[in-house]
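Subject: Structure handover and notes

Hi,

Here is the structure for your files. My notes follow below it.

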Amino acid sequence: MNTFSLALALVLVTLVMTLVLIMAAWHSGSEKGLRHWALGNLALTMGLVLDISQGLLHHNISQIMAAGLMVLGLGVIWLGVRAFKGLSQPQAGPILLALLMMLLLGYFHYVQDSPAARLTAAGICLGGLCLLSARELLVAAAAPLRRAYWFTGGIMLLSGLGLLARAATGLLGPLLQISVSDEVIQPITLLGVMVGQIGMAGGFILMTHYRTIMALQQLSEHDALTGTLNRRSMHDQAQGRLDALRQQDQPATLIMIDADHFKRINDEFGHQTGDAVLCHLVTRIRLHMRSNDLLGRFGGEEFVVLLPGLDARAAADVAERIRLAVNNHSDRISDQPVMLSISLGVAGTDLQGHDYTALVAAADAALYRAKALGRNRVEVCTEADTPQRDKMALRLLSQFRHNLDV
């Protein structure tokens, strides 16, 4: 296959990849990065078209504009990588670099004609941009996004090293009196660029795909309002943690938390303020949690906290600190003077065993005892099993007190 056929195939491949990225960006909504990658590939395609069809313009002008467009394309792709990661994007950088590249090539065409200098300058600039993108991607990341990062970053790294090697032939060839024919280097370059282009576009689509999967997983496992684990996910993760603690013969404690008079808050201030109160409560709870603790929304205004490694006595101290932090807050919530207090029930594995359902039932009974005794207090489960009749009596007493308060 001759050089022109390879170049034509490269343009067609780049054009197809560009169309794929444009379609993905069109349907991605606000997904960051895809539009940059689509625009970057479009600029690369235009540059490649100019590079292989230099008869359309003056030979020198075609080379200068082609290099400028390819630099601009790789620069915008680098911006897309940073946008995907939520980092700042210096928009003027790729434009200024492309203009500088065109000025350099113009100088080495019209002032000091040097093909080796042109080859070296273009290779260093393009290779450097590829390495910048590789640097952004070859970092630690959460699975499964890590695999897409490393795949795409590896492609960018190999592309950058290949372009720098091509620049080295232009820089060192005349010095070492080594002559490498364009008939040899050009097909190799085109094949490398074609493989790199397919790999980069595929990597970008993989990154977007895995980001979408992670977002869907986040939505399925977490409460949309408070960001805590939802009830099902809390059950699954807590039971898994408890099973591991049982094997290690380590204790754990579960705290159930309920906002006092939450219906009154909703009735007096409105449901939007009620939502703000729940978010405020979660923020206060998190201040007293460790990195390995679990927090989930059990339902309505009830939350559960699992404290691995703590017995009931130590967990009761944590519960009291949470209660004081919520009760003593002086901030206005949603610009409303909301007075907020909580009741807490504590149950440990020393009495209930490492069973999440049993811990929830025991903590729930302790919580209703706290409410029956006046609310805004911490109660610890002290019996292995509370009779169902006693649980019902506590619930009725709590509801009776609530009706009197209302």
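Which residue in E3 is the bridge partner of Thr253? The partner is Leu307. More on that sheet below, after the ground rules.

This is a predicted model, so local features need pLDDT of at least 70, side-chain atom pairs count only at pLDDT 80 or more, and totals for chains, interfaces and linings use all residues. Residues are numbered from 1 along each chain as its sequence is written, and side-chain values use heavy atoms, with hydrogens and water left out.

**Overview**

The protein chain has 14 helices and five strands. Both are DSSP runs numbered from the N terminus: helices are H or I with at least four residues, strands are E with at least two. Of the 406 residues, 47% count as buried. Buried means under 20% relative accessible area, exposed means over 50%, and partly exposed lies in between (1.4 Å probe, protein chains only). Take contacts between residues at least 6 apart in sequence: 72% of them join residues at least 24 apart. A contact is heavy atoms within 4.5 Å.

**The sheet**

The five strands form an open sheet in the order E2-E3-E1-E4-E5, with mixed pairing. E2 and E5 (378-380) are the edge strands, each pairing on one side only. From one strand to the next, the twist averages 20°. Two strands pair if DSSP finds at least two bridges between them.

E1 (residues 252-259) and E3 run antiparallel, joined by seven bridges. E2 and E3 (residues 302-308) are also antiparallel, over five bridges. Gly299 stands opposite Glu302 in E3. The hairpin of E2 and E3 has two residues between the strands, and Gly300 there takes a positive phi near 60°.

Why is E2 largely enclosed by the rest of the structure? Because five of the six residues of E2 (residues 294-299) are buried.

**Helices on the sheet**

H8 (residues 231-247) lies across E1, E2 and E3, running at about 135° to E2. H13 (residues 356-372) lies across E1, E2, E3, E4 (342-348) and E5. H13 runs at about 140° to E4. For these angles, axes are lines fitted to C-alpha atoms, for helices over the stretch in contact, and angles run from 0 to 180 degrees between N-to-C directions.

Lys371 is in H13. Is Lys371 buried or exposed? Lys371 counts as buried, at 8% relative accessibility. The side chain of Lys371 makes a polar contact with the side chain of Asp258 (2.7 Å). A polar contact is a pair of N or O atoms within 3.5 Å; within protein, one must be able to donate a hydrogen and the other to accept it, and residues adjacent in sequence count only if both atoms are side-chain atoms. Lys371 and Ser343 are 28 residues apart along the chain, with 6.4 Å between their C-alpha atoms.

**H9**

The buried residues of H9 (residues 262-269) are Phe262, Ile265 and Asn266. Seen down the axis of H9, they fall within an arc of 95°, so they line one face of the helix. The arc is that of the directions from the helix axis to the C-beta atoms. These buried residues pack against E1 and H10 (271-286). The face turned away from the buried side carries the exposed residues Lys263, Asp267 and Glu268. Gly270 follows H9, with a positive phi near 100°.

**H5 and its cysteines**

Ser133 sits in H5 (residues 115-137). Ser133 is buried, at 1% relative accessibility. Leaving aside neighbours within four places in sequence, Ser133 is in contact with Ile77, Trp78, Val81 and Met156.

Cys125 is buried at 14% relative accessible area, and Cys130 is buried at 2%. How many disulfides are there? The count is zero, taking a disulfide as a pair of cysteine sulfur atoms within 2.5 Å.

- A cis peptide bond joins Ala143 and Pro144, with omega about 0°. Pro144 lies in the loop between H5 and H6 (145-176).
- Asp249 is not a glycine, yet its phi is positive, near 55°. Asp249 is in the loop between H8 and E1, and is exposed at 68% relative accessible area.
- Arg375 is not a glycine either, and has a positive phi of about 70°. Arg375 is in the loop between H13 and E5, and is buried at 9%.

Best regards
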